[in-house]
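Good morning, and thank you for coming.

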Amino acid sequence: KINIYYQGLDTILNNLKLCFSEFDYCKMKQISELLFKWNEPLNETTAKHVQEFYKLDADIIPELRFYRQYAKLNFLIDYDHINFINLGCLFIQHGLHNNIPCISKLLYTALSWPVTSNAENSFSTLPRLKTYLCHTMGQEKLSGLALIAIEQELVNKLMEPERLNGIVEKFIHQMKE
């Protein structure tokens, strides 16, 4: 159970790092440009790149042209307060989610991103996770972690490469016995 739990925790943490990578930010920026900047000329290169990355079935450029023209004529909004949630509401109000399926898929993708203006909201489960770890962790392991936190200077000395190799070899030798 412990191995599975820690592997799952490692997977979650690695995926969390990927959510905030520069590459993902680039994708968010591209989709934002396609969906929010309907008064500007369409960047077909960006549209093709997004279409290939998300493996959309149809060509999105005609849908984007229709969407942009429709948005210019029908979306009366305050540009300072537009976000993906407001845009999703506009899509539903105007029935666009049925008429332009590829653009709707991009909007659904954007709505699934864990992006907020307040970073604390993204990590609201972290305190619960820490509490859960403390309650489910054995006393021996908890005491060991507390000792490591207290004796940080000693731990830094033990982490020197020469000493660390000796500790690893000793551990391997004990595991073989």
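Which side chain of opposite charge is nearest to Arg68, and how far away is it? I shall answer after a word on the source. This is a predicted model, in which local features need pLDDT of at least 70 and side-chain atom pairs count only at pLDDT 80 or more, while totals for chains, interfaces and linings use all residues. Residues are numbered from 1 along each chain as its sequence is written, and side-chain values use heavy atoms, with hydrogens and water left out.

The answer is Glu40, at 6.5 Å. Arg68 is buried and has no salt bridge. Buried means under 20% relative accessible area, exposed means over 50%, and partly exposed lies in between, with a 1.4 Å probe and protein chains only. A salt bridge requires a side-chain nitrogen of Lys or Arg within 4 Å of a carboxyl oxygen of Asp or Glu. For charge, Lys and Arg count as positive and Asp and Glu as negative, whereas His and the chain ends are not counted.

Arg68 lies in helix H4, residues 60–74. Helices are DSSP runs (H or I) of at least four residues, strands (E) of at least two, and both are numbered from the N terminus. Leaving aside neighbours within four places in sequence, Arg68 is in contact (heavy atoms within 4.5 Å) with Glu33, Leu34, Lys37, Trp38, Glu40, Pro41 and Leu42.

In one, Arg65 pairs with Glu44, with the closest N and O atoms 2.3 Å apart. Because Arg65 lies in helix H4 and Glu44 in helix H3 (residues 44–53), this pair ties together parts 21 residues apart in sequence. Arg65, at 48% relative accessibility, counts as partly exposed, and so does Glu44, at 36%.

In the other, the side chains of Asp59 and Lys48 meet at 3.2 Å, N to O. Asp59 is in the loop between H3 and H4 and Lys48 is in helix H3, so the pair ties together parts 11 residues apart in sequence. Asp59 is partly exposed at 35% relative accessibility, and Lys48 is partly exposed with a relative accessible area of 35%.

Finally, the chain as a whole. The chain has 12 helices and zero strands. Buried residues make up 24% of its 177 residues. Among contacts between residues at least 6 apart in sequence, 59% join residues at least 24 apart.
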